[in-house]
Each structure stands twice: as structure tokens, then as C-alpha cells.
Amino acid sequence: MDQKIGSALVVGAGISGIRASIDLAQMGYRVTLADRAPHMGGILSQLDYQFPTDRCGMCRMLPMVEGEPDKFQVTLKQAPSPVDPDCCIGCGQCSEVCPVEVPDAFNAGLTHRKAVYLPVPHNIPNTYTIDQAACTRCGACEPVCPTGAIRLSAMGRRAFRILVVDDESIVRNSLDAWLGDEEGYTVEMAASGPEALEKLSAAPFHLMLLDIKMPGMDGVEVLEKARVIQPALQVVMMTAYATVETAVDAMKIGAMDYLVKPFEPDALIPKVAAVYDAFQETGYLKRTVGAIVLATGTTCFDPSVGKNPMGYGTVPNVVTSLEFERMLSGTGPDAGRLCRPSDKRPVKRAAWIQCVGSRDLQSGADFCSTICCMFALKEAAVARTVAGDDFQATIIYMDMRTFGKSFERYGQQTWSTDGVRLERGRVHSIAPTPGSEDVAIRWTSASGETREEIFDLVVLSVGQRANDQTALLAEELGIDTDGFGFVRTVPFSDTRTQRVGVFAGGTLTGPTDIAESVIRASSAAVNASRTIHRAGGGLVEKTAVPDAYRDVSREPPRILVVLCRCETSAETDSDLDALSARLKQDPAVTQVVVLEHICTADGWNALTQTDTAGVNRVLVGACRTFTYGKKAHGLAASFGLDPSLIESVAMDDRQGPDAPATVAAIMAGISRLKNVSAIEENSIAVTNRALVVGGGIAGMSAALAIADHGVDVTLVEESEQLGGNLTWLHQTIDGAPIAPFLDDTIGQVDKHPGILVMTDSRVVGAFGQAGHFFSTIETAGEPTTTVEHGAVILATGGREAPTDAYAHGTSEAVVTQRELETRIHENRLDTDAMKSVVMIQCVGSREAPRNYCSRVCCPTALKQALWLKSRSPELQIYILYRDMMTCGLAEAWYTEARKQGILFFQYRPDRKPEVSINTGDKVPVSVRLHDPILDAPVEIAADLLVLATGIESRLPEALALAYGAERDQDGFFQEADSKWRPVEALKAGVFGCGIALSPRSIPEAVATAEAAAGRALTILAVERLPAARTTAIVRHSLCTLCLRCVDTCPYGARFLDDAGQRVQVNPAMCQGCGDCATACPNSASIVEGFSHRSMFGAIEGALVAM
Amino acid sequence: MNPQSVTTLPTAEESSESLDPIRAMVSACIQCGTCTGSCPNALEMDLTPRKMWRLVILGRLSAVMESKTFILCSDCYTCTLRCPRGLPLTEAMEALKGIAFARKEARHRGSRLFYEKFMETVRRHGRIREMEFMTRYFIAMKSPVAPFRFAPLGLKLMGKGKVELGGGKSGDTPLGALFEKVADLERTPAATFRKEGHQ
């Protein structure tokens, strides 16, 4: 395997950027992750709750350009951080003294914060940062910082040093005032040439403003000498009109420019600013990377711009959905109590207005923002738990778009509760209610009557908008954006831009939800990796550097206790002495050392240089931030001790060292350390081959993505040929023909030396774990074979659901969407002989037997209708739908279809259309339905009736179970987490992609395939799979083989060995959750590092101290 | 024809082609009801604007012509301003009036004559002369009760000095040439109409 390290740049540190970075880093690349904001997390750091769990779960996911692909020269403008994150202890004293107050963007402007602030209040570790735009640079925060973390005076313009040399004091003083006081540069002055040279020798300067005519040494001479002392110094000459020629001469010997006296500030300041900008640029970060992943996301639509019909910002108690999210949050303006902004009255009646800035041509959005329907449903559900069951939520919407996996069920569950009401309609505008802070809104209900209601609060479900920075970024990178500002991709891909080596993840290529963002991010990451790999930069083998840790397993515990202190006072000294003496009573404590300010660089040095020769365990008691930081791990190397033998405990810096809580923490730490031993590094060998089950577009895409990394793939296909559903699909909605794309993909698979294709084959049995599976494959007419592989990807796809509804099967004139596609494909459709076509959507979907949205049927109906219209413009086409699920950019096709004269009728599931088949000369099909707008019956005579029956899964339960994966209640692949780990099973090494996950379009299927391949590569790219540090083990002497642990393990990491004699744990799959340890009746199952003795010791130590 | 009656599709009405230009204007409608919600006259209309647009889209000319919804449109443009699809609804309302007047719909005879006589007065004088306009209207209506229907309103307006009784104080500016040009433009297709700088 290639050992060269590749590197990639990821722009945007939202959820997609983080996902892409983790994927690339796990594959072994060096990743640079850049963001404009001072923190990571993007918009998701502001959302506390995500459906369907209504909790946050981001943690579940964690374990200017030029050049050709593989050689992107990127320049990153890195704003120097005014607060040193390594020093900041988060005490907040700086914020207390800061005189500036600005609206807090984190709480969507609902609260105020200081100019020095915590960007995300709940981050751990959490360090302050300075809002450079709001900061007045008064400097009040700098002296109060106890650790000297704030270096405001060394920042920005203050760091830019100007020397003014002039014999006239009036010139010196006015320049000092202009440049120092007004503009904020550091200005020093010299009255003569020799004084100037003295200052230049003493300290560096960036710019010198130099007078020419001075007594003694003149300006030109000073310039010559100055350039010897500081060659990089920029010099601007100041000259009287008479000596302009001298100034020009001075420029020949290195002066940059000149100014003719007298001059105004307007003439001077731009020149200084230009030099300052050039100076700043030297601080830019330059990197050469092999590929770029863009994940800069979208912004929320600002409803106050334009006509602002919703009165946002002018009518009280009209908020955006993002603001509402903050109002619900514990870190929000009212600490988690739901109060309305104007008078802080509890909110009991709230209305959500959907499609604000979406599906609205008046605000330039002929697209659906995709997320708002589910966002509103979730907010309504969470609000009921926050504000109580008497909370009434009303959602006013046009189409309820519950199109994603599990969305429909979540929606049904939410709107079936009494407190949540759905109203189909659209509010045209909101005006203030005179004399009241309630919000009155008016809309026309589906039945036609005008409704007027009063709410405590109205939430505007604001849409997504392309980021205004996207256009600049796209131009810089030479990639295209569409009319709405989203990045354009090549056909059949959601992540590849036209430029090779530049990929887009997340919402950058069109609005989408969290799960799809994460999928696109992983897809972009794997495509970036392919680019780097192809150019010679390979995946890197993670060589575990054998740290030279001392073997102390046979020594009795000898503990060094290091205590940190912030302040030096007689009282603290005596407290610390008393504490030390008390700790030393324990014979295991060999030594107690008190250090000052471990959080500072000096303190850290003192800690790492502490003599640990005589000890074998170390306990550090310091501030909270220290214990959370990554620093504790760094100590292992400097002490030569295994990391598990170093423990840090939090000392509360607001209390003295003798506070009971502090003593208890330290005593508990000591007791725990006494009983721990070094944990052996576990790893298991990986079979570097992948098995992909299913040869449709998803399976082939996954196989290609893995094989392109030099890992062999076995691709198993049940039928006699590759292609799956693409073999019967004719073209996409935008007219791209499918056959060439399919032929090209099959060609690549066939030609790829790393892919072994097995058609007419089925997996009949499998066992094993991540890193090493065995699968038995049966091929028609051939002997059964066994394949050993490290990971498996299930891409078994789906099929159009069969139906006998609406007289299907009784007449040639009633077909399914697939049958129509086939007739078109095979030229068996005589469009000229037809006058009218009816399409019925949601046949058997979004209710039993398939209680989910199949996602592709609405765009498919539009595709066929538009195709028929283009063939035969006179043909009348009627589409009968429940909610048009044209999410994202597909909305534009819905608009186009209506413009073409295609008629749409909405129907309710309790009032379905009726179909009868006619015989004889009559038009073959009669469809009767109820038009809700006219509240009147409609009768359509149709030559053809097309039914959209949706998609059902083809994933056999036995196959999923053979690999330890599960199917969801609809028969699709059950992912580990619907948002954060959307393409992998809870059992490590098992992945799903394409329609096997849930119904999806071709580009979406390809994206999941690439995402699954990327996730699989994190296993397949290494020779040994490292285990988590904390894993469970079995003490076989105590084990009675009751197998409770095997049943209870949620990750399937436990199994009975071949002989059936011993319970084994796969360390690569074990997540160290401890479920087995609690289930074991015999204490035979334990989690390493958490032995009973050590845990009980810690509790005992804490209790003794109390 | 009652809008509540069965709509048969494809459209059976022979004469519905005259609706085609208006159908094209509103075909992108998503039936969200914003127009109805924002219409200040909706309460007086027999069909809500949304229902009427639906009938237009379904090609039910006679049901549309029976309604007085489009006659009651006061051209305030609120629906046009609010429509999420940006449809030219006010323009479409005007076009419906045009069809109704061209078809000399009996139901809208009063409205048509009112419009015609109003414009005739403007054409002759370059401004409205209430007494002359009303006299012409009453004559055209050929209804002896018409003046009495307007009497209370007329008296009220007179009381406030809103009706000019005698001849105009200012000189007349006949607008014949302007009216002819407009009539000329209206005979030409809509595309040309736009090119001339009209909305």
C-alpha cells in the first residue's frame, strides 16, 4: 500500500465539514479544516434538539486557489486569535469588565453579549474569543486576565509599528493623533535622524514616515542607513514642494512613496492602510493540498429584507424558526422557559408559518428549502414538552413534505396529538394588532373560508438561502453556481463540481437535511480521497508509534501528586501545606508538588519537567479546563508513563484547596490510581477486501470508490447483469439519458482490476466481525465459494411495489409509473392516440402497507408528464396528489409542469379518487374525484391511468441478520443513527447504501454509496484495526457461559468462540459502554480500566475525605 | 352554470378558448389562497378569487362569467403583490372583465355600461363630469328605476360637494387621439403591447 501522505482542505466547519474532515482523517490524510466563525459546529451548534429523538446527538458521529488536482495552492486568511485558547481558563473575568454590549448572534439576536465572549456557551473545553468588529480595543480585559491569555495589544493594527521622523513637533503630533489615536496603529516618534536610527536598532518597525529636510542628518541619509538596519522596512518620504525631486531620488534607493507637505489625513491614511494590508498578508497560511472539500453551507432567509410582508422586526412576537429554537434552549435567552420576546409572557398558543422565503418567486426562491416542514413539526413537539401539554401549536402550510426516512411516521405521531393542528393555507401578511402584543393572522382555509386567529407568538419557518460567500468562493475556485447561488454539480452526482479535485458537501449544492448533508459530506470526502489517491498520494498506514512507556506492572503504586495554584498568598500556602501533609499520610503517595499556573506556558514547562523517576503514577489537580483539555494526554509522553496511569482531577478555582469537594476529588483520584494498571493496546488484523452485495448503481458506485483506493472488492449481483433499476429507466427529469451513464459505470466496473463481479450469485451465509468476515456465496451452476473480507456493503436496492388498487391489472389502460417508463422506453406508447392521462400519487404509500414517502414518485410523475407534454402538447395531463414532494431544486419542475398546463388536484386519504373501467367505444378509464378548492366533484375521462405505487425494499431479513445488521419496520437497512451515522449499521464493518437505506434518486443513491465506501475504507485501509482504549474483557475463570453479556451487547461485539467454550470480545467493535459488566452476575465481565477495586477505591476515597 | 356542479375533463365547453390567455397567466397557481386572504373585497364576492382562478384553470368559462368576482376587483394590486408565484392576478382580473364585456354578458350589462359611459365622458372632456356621465348611464340602462337606485348616493355626494353640477370650470381637453391609440394597441397581440413599455 502506498505510504505517501496526502492532504486535503475542507472549507466550512459545520456538520458536513466536520464529517468530511473526520472521514478524510480516518482514511489517513492530513486535513486542514477552515471556517469563518471562531468555533466549529455551524448552525447545528444552535439547535439543541433534532428529531426523531428530539435530542442532540452530534457526538454519535465522533470517534484563493491555483493549480491542478493534487496541487491546489490555497491561501487561507487566518485571523490571529486575540485570546490564546491554550491559556484561557474560561473564568469570564474579561467579559465582566468589557464595556461593549452587542446582540448575540448565537441566540439569534435575542440576547446580548460582551465583545469578549464565549461563542458557544456549552462547548467543552470552552475558551473566550473577541468579536473584532465590536471590540473598541479599550484594553480593559487584558490586565484582568489571570493567565495572560489575552494579547489584544499585540493584535491587528496595534501590532503594526510606525515610526514618524520629523524635526517639527507639530507634524509629529498630528501624525500621532491621526495614525495612533484615530486609526489604532502603534506610533513612535523621532525628532532627528540619529534618534530615528537609534529607535530602529532597538525595535522592529513596519513603516517609517520620513521628513527629507531635517537639520543635521537629512532624510535621504537616514533612509540609506535605515535600510541597512531593517532591510524590510517600508518608507514613505514627506517632502515640501521644493524638494519633490529629492523624494523621487529617494524612491530610487528604496523609498516606497512620497507625500507632499502639507497633506490631509485622506492622502496619508490609504497609503498606510495599503502597507498594513500587505503586512497582514504575510501572516496568511499557505498550504498545498491534493483536493478541496467545500462545505460552507447555507444561511437562513432574512424575512426583514424586501417587502417584509410578515412584519418581521416590526410586529412584536414574530420570530424566525431559528430564534424559536434558541428560545427553547437551556442556553437561550430565558434559560429554557418558553417566553415570548416582547413581554416575557409564557407562550401557550403559537403558529408556524411555512414557506417564508421558500417556494416564493416574490423573494426569488423557486425551490423548496426541504427542512422547514420537519423543523416546524419538531419545534411544535419540543415546545409541547417545554411549555406543557396545554401548549397549542398550529402549523400553516402548503404541502407537508415528510419525504425522508422515518419523516412520515414522526409527522403522523406529532400531528396526531391534540395540541398540534395542521392547517393547509398560506398567510399573506402580518400587521401589528393595535393595543395588543398578540399576533393576529388571517388565512384562507382549504375549504375556502377566511380564518382569523390570535396567537401569543408567530414563528416564521424561514427557508435556506445560498451563502453570499458562495459566489466568491465559486469564482475563486472556477466552479459554477446555479441561479439561486447553489454550487452546480455534474450529472448523477450531488458532490462533484465541474472542476476535478473540488467537491461540495452538505447544503452547498442545494438545500437538504442533516442526514443527507452528512451523506454528501462523506461522499465528497471519499471523492477527494480518490483524487489524491489517483495522483499518487495514498492512504497512509497508521503506524502505532510504540511509545516507550515504562513497564510498571510489577511495582507497588508510587504516586506523584501535582497541585496547581492560581494565586500566591499566605492563606493558600498554609492550606496547600495542610493538604500536602494529609495526602502524604497515604503510603502510596510518594511526593506532592505545588506548581503555579499550569495553564500558562511556564507552568506547563514546569509540569513536564517534573522529575518522575521515582514514581509510577501521576495525579494532577488543576482547573476545570485543564481536566477537559487534550493536555493530559500529552503528559504521557513526557513522563514515559502509560496514559491510563495519569489522572487529572478538577480543582475548583473559586474555592480554596482545602474545600471538601476538592479534597474528595483528589482522594478519589489517588484511590483510583492505586488500583489501575496499564491497558494493553489491542488491535485486530484486517482482511483488505470489501464485499458489496447488489450490483445496481449504488453497489457499483461503492465498489468503484473502494477499488479506486487499491482495496479489492467482490461485487455480488443476484441477476444475470449489473445495473439494477437503471436498466429500465429511460432518462432523468432534466433530460439526461440514463443508458450512457449506466454503460459507462458498468464499463468501469468490468475493466477495474480490483473488482471481481459475481452475477447470478447470492450470499447464503455469513459470519465474522469488522475486519474479518466470511461470506458464503452461491452462484447458479457453479460450486459455492467463500469470500473473506473486512467490511460488507449491502446495496440490495428496492423495487416498485405491486398493486391491485384502482383497477390495476384489469385493463391495459391502467399502468404503474414503471410500466409507463417501460412503454416509453420501448416505444410502445402512442401519444397521438391519447387525449388525456391521469396520474394518481401515493398509491399504498404514506399509509398502510407502506407508511412512508417513497420520495421519487412526485418528481417521476412530473418527469413523465413533462415528457408526454413535450411529445404531444395537446395532451391533457392530470396529477392527483396528497402533498407534492418536490423538495429542494425539484420544486422548479413542479412550477414548470403547471406552466405547461398540467393540472394538479389534491386529494385526502379519506376521500380517494374513484376509478372505473369502461368498455366499448367509450374512453377506457373514468376517474371521479373531489376538488377541495371548488368543493365540487370532478370527472375525468382518461385514456391512460398511471399509478405511483412507491418503492419497497429488497433487503432480505436473513441477509441483514447474517451480518448482524437489522431491518427497520419497513424492511429497509437500519442505520446506527438516522442523522449522524446514516450509512452504517450499529455493528461495525456493516454498511448500507442506495435504496436499501430508503427510497432515493440516482444522485442520492450514488452519494450514499460513496459515503458507505468512505466509511468502509476507514476499516479497509489499515492492516490492523486499533481498538478503543476502553474495552470490555472476560475473566474466563469466573465465566459460567450464561451468555447474558452476548445478548445484552448493543454492538454485537461479544460472541462464543468456535469451540463454544469461551465468550470472546472483538476489541475493534467494543465501544466500552459497560452494559456487559452490569449484566454479568459473576463479575466476570469487566471494562478495562474500570475494575471494581479501582471504582470502589475511588468512591471510598471520596467518602473518606467528606 | 353552478361552480359546484360536476366538472368534466378534458374540458367539454366549446367556447373556452377565449380563456386561454388568462389560463396561461395563472397556470402556475398553487391554490394557496393568498389572493383570497389578502383581497379586501373578498367578502362581497360570490366566488373567492382562489375558486375563480381554479375555474379559469379548469377552463370553465361559463361558470366564471356567471360570477361577479372579477367585476368586484378594485385593482388594489394586493394579491399581485403577495402571490408567492408572482402571477399577474390584477391584470388577469382586468382581462376577465374584457371578456365579459366583449361577450356582452347580460349579467354584467350594468357594469359594462357604467364603464363604457364613464370612459366616454372622459374621452369627450379629458375628465369626469358626474352629471353628464350619470345621465348617459341612465339613458343607456333604459331602466326607469336606475336613477332612484343611485339617488341616495348622489344626494350624499352632492352634500359633500363631490358632484359638479354645472359645466366644467376648466377647459375641455378631448382625449380622442389617446383613446384611438389605446384601442389600436389592444388590437395588437400582447407581446407588442409589452414592447411599447406597458406592464
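This is a predicted model: local features need pLDDT of at least 70, side-chain atom pairs count only at pLDDT 80 or more; totals for chains, interfaces and linings use all residues.
Local features need pLDDT of at least 70 and side-chain atom pairs count only at pLDDT 80 or more, while totals for chains, interfaces and linings use all residues. Residues are numbered from 1 along each chain as its sequence is written, and chains are lettered from A, ligands numbered from 1, in the order in which they are written.

**View 1. The open sheet β10-β9-β11-β12-β13 of chain A.**
Five strands make up this sheet, with parallel pairing. Strands (E, at least two residues) and helices (H or I, at least four residues) are DSSP runs, numbered from the N terminus. Two strands pair if DSSP finds at least two bridges between them. β10 (186-190) and β13 (257-260) of chain A each have a single partner strand, so one side of each lacks a neighbour in the sheet. From one strand to the next, the twist averages 20°. Angles run from 0 to 180 degrees between N-to-C directions, with axes fitted as lines to C-alpha atoms, for helices over the stretch in contact. β9 (residues 161-165) and β11 (residues 207-211) of chain A are joined in the parallel sense by four bridges. Within this pair, V165(A) has L210(A) as its bridge partner. Helix α4 (residues 169-182) of chain A packs on the sheet and touches β9, β10 and β11 of chain A. Its direction makes about 170° with that of β10(A). Contact between two residues requires C-beta atoms, placed from the backbone, within 7 Å.

**View 2. The open sheet β39-β46-β40-β41-β42 of chain A.**
This sheet has five strands and parallel pairing. β39 (814-816) and β42 (903-906) of chain A are the edge strands, each pairing on one side only. The twist averages 20° from one strand to the next. β40 (residues 836-840) and β41 (residues 876-881) of chain A pair in the parallel sense over five bridges. M839(A) finds its bridge partner in I879(A) of β41(A). Helix α21 (residues 817-825) of chain A lies across β39 and β46 (944-947) of chain A. The helix runs at about 95° to β39(A).

**View 3. Where chain B touches chain A.**
Here 28 residues of chain B are in contact with 34 residues of chain A. On the chain B side, β1 (7-9), α2 (34-38) and α3 (49-57) each supply at least two residues. That side comprises ten nonpolar, 13 polar and five charged residues. Ala, Val, Leu, Ile, Met, Phe, Trp, Tyr, Cys and Pro count as nonpolar, Asp, Glu, Lys and Arg as charged, and the others, Gly among them, as polar. Strand pairing crosses between the chains: β45 (residues 936-942) of chain A and β1(B) pair in the parallel sense over three bridges. I940(A) has L9(B) as its bridge partner.

**View 4. N126(A) in its loop.**
The loop lies between β7 (116-117) and β8 (129-130) of chain A. N126(A) counts as partly exposed because it has 19 C-beta neighbours inside 10 Å. The cut-offs are 20 or more other C-beta atoms within 10 Å for buried, 12 or fewer for exposed, and partly exposed in between, with C-beta atoms placed from the backbone. Leaving aside neighbours within four places in sequence, N126(A) contacts G90(A) and L118(A).

**View 5. Chain B and its domains.**
Chain B has eleven helices and one strand. Domain 1 covers 14-103 and domain 2 covers 108-159; such bounds come from an automatic or database domain assignment. The C-alpha centres of these two domains lie 26 Å apart. Of the 199 residues of chain B, 31% count as buried.
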